[in-house]
Amino acid sequence: AGQGLAGVAPALAVVLVALSSSGTPDEACVAPHIDKAAVIYFVASALLFGAAVAAFGVLERSTRYIASGLGDAVSVEEDDDEEAEPDLDTNLLENDGDIASVCRSIALPALAVFLVFTCTLSVFPALTSLTRAPSNANALHKRLFVPLLFLEFNALDTIGRASAGIVEVPSSRTLVALSALRFAFVPCFIFDDIEHGPTNGPAVLQTTAAPFLLMAPFALSNGLLAALALTAAPPLVAASDRELAGNLMGLFLVLGLSCGSLLSFGLVAAA
């Protein structure tokens with residue numbers, strides 16, 4: 001949820017800048033008053049950083065954190081690292097089989113994470129940034145159209161991530177199926193009312209409300225399924241391998257981001 005919240009602040013800053021801008025809609029969406037935008041982005045990042053430091057300070061003093069012994073565990077691990085330096089080459093050779101075994105165990109959640117972010121990055125922000133308000137809309141509507149779309153995604157993505165804590169984790173096969181179903185959003189966004197896009201799509205997708213109605217389930221499912229898939233992997237392996245499983249899930253997340261970004265170039269060109 002923290003990553004999603006970090007995306008809300010810049011999106012909100014863009015909306016505020018667009019509100020204060022008096023330029024053309026495209027100027028307001030792409031680069032409105034760079035100096036003012038830079039100040040807002042910096043202040044938002046600084047405030048979030050300060051809030052995170054303050055929250056960690058409060059966490060360190062909480063009774064639950066003290067009772068968990070996490071602080072003592074960190075200091076013990078640092079002492080052990082100073083006392084003995086392991087042979088990295090030997091450890092890598094010994095863990096070759098473990099990595100393969102862990103990969104097989106978390107294959108389905110890893111595939112789900114890969115599909116979620118491949119689908120998301122193929123559409124957002126490449127295609128969604130091309131969405132435009134109707135030509136008969138007023139200037140304020142045109143300036144706010146894309147920034148509000150981005151704000152909606154980040155806000156609902158954050159809600160989806162936070163909701164994973166109260167939703168029962170489904171089976172790994174279900175996660176993969178739901179992640180694959182999200183690709184149905186791709187043609188919907190392509191036939192949406194985007195700049196220089198196809199105009200022979202369904203009439204319901206050419207309306208002003210269509211991008212916002214599509215974005216709601218798209219963003220919610222991104223945050224929810226990604227969080228569920230990431231939390232589904234560690235319980236599938238032994239306790240000693242859970243750190244490795246988490247690192248591998250991060251690897252598949254990055255692979256999904258990379259593949260989605262590459263796919264977005266083709267989709268934009270096709271649209």
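Modeller: Let's begin with the overall make-up: the protein has 12 helices and zero strands. Keep in mind that this is a predicted model.

Biologist: What pattern does the protein follow along the sequence?

Modeller: Going along the sequence, the pattern reads α-α-α-α-α-α-α-α-α-α-α-α.

Biologist: And what share of the contacts with a separation of 6 or more comes from residues 24 or more positions apart?

Modeller: That share is 80%. As for burial, 35% of the 271 residues of the protein count as buried.

Biologist: How should I think about a nonpolar core?

Modeller: The general idea is that in soluble globular proteins, nonpolar side chains tend to be buried together. Here, the largest nonpolar core contains 23 residues, and Val102, Ile106, Val113, Phe117, Leu175 and Met249 have the most contacts inside it.

Biologist: Which elements give two or more residues to this core?

Modeller: They are helices H7 (107-123), H9 (172-181), H11 (210-232) and H12 (242-270). There is also a second, separate core with 16 residues, including Cys119, Phe185, Ile190 and Met215.

Biologist: What about Val176: where is Val176 placed, and is Val176 buried or exposed?

Modeller: Val176 lies in helix H9. With a relative accessible area of 15%, Val176 is buried, because buried means under 20%. Setting aside neighbours within four places in sequence, the contacts of Val176 are Leu108, Leu111, Ala112 and Leu115.

Biologist: Now the helix pairs. How do I read the packing of H7 and H12?

Modeller: Take the angle and the axis distance together. H7 and H12 pack at about 30°, and their axes are 7 Å apart. Angles under 35 degrees count as roughly parallel, so H7 and H12 are roughly parallel to each other. Their crossing is right-handed.

Biologist: Which residues of H7 meet H12?

Modeller: From H7 come Pro109, Ala110, Val113, Phe114, Phe117, Thr118, Leu121 and Ser122. The residues they meet in H12 include Met249, Phe252, Leu253, Gly256 and Leu267.

Biologist: And at what angle do H7 and H11 pack?

Modeller: The angle is about 155°, with the axes 8 Å apart. An angle over 145 degrees counts as roughly antiparallel, so H7 is roughly antiparallel to H11. The crossing of H7 and H11 is left-handed. Among the residues making this contact are Val113, Phe117 and Cys119 of H7, and Phe218, Leu225 and Ala229 of H11.

Biologist: Which helix holds Leu214?

Modeller: Leu214 is in helix H11. Leu214 is buried, at a relative accessible area of 12%. In sequence, Leu214 and Cys188 are 26 residues apart, while their C-alpha atoms are 7.9 Å apart in space.

Biologist: Let's finish with the cysteines. How many disulfides does the structure hold?

Modeller: The structure holds zero disulfides. For burial, look at each cysteine in turn: Cys119 counts as buried because its relative accessibility is 0%, whereas Cys103 counts as partly exposed at 29%.

How values were computed:
Residues numbered from 1 in each chain as written. Predicted model: local features only at pLDDT ≥ 70, side-chain atom pairs only at ≥ 80, totals over all residues. Heavy atoms only, no water. Disulfide = S-S within 2.5 Å. Buried < 20%, exposed > 50% of the residue type's maximum accessible area, 1.4 Å probe, protein only. Core = buried A, V, L, I, M, F, W, Y, C linked by side-chain atoms within 4.5 Å. Helix = DSSP H or I, 4+ residues; strand = E, 2+ residues; numbered from the N terminus. Axes fitted to C-alpha atoms, helices over the stretch in contact; angles between N-to-C directions. Parallel < 35°, antiparallel > 145°, perpendicular 65-115°, else oblique. Left-handed = near helix turned anticlockwise from the far one by under 90°. Contact = heavy atoms within 4.5 Å.
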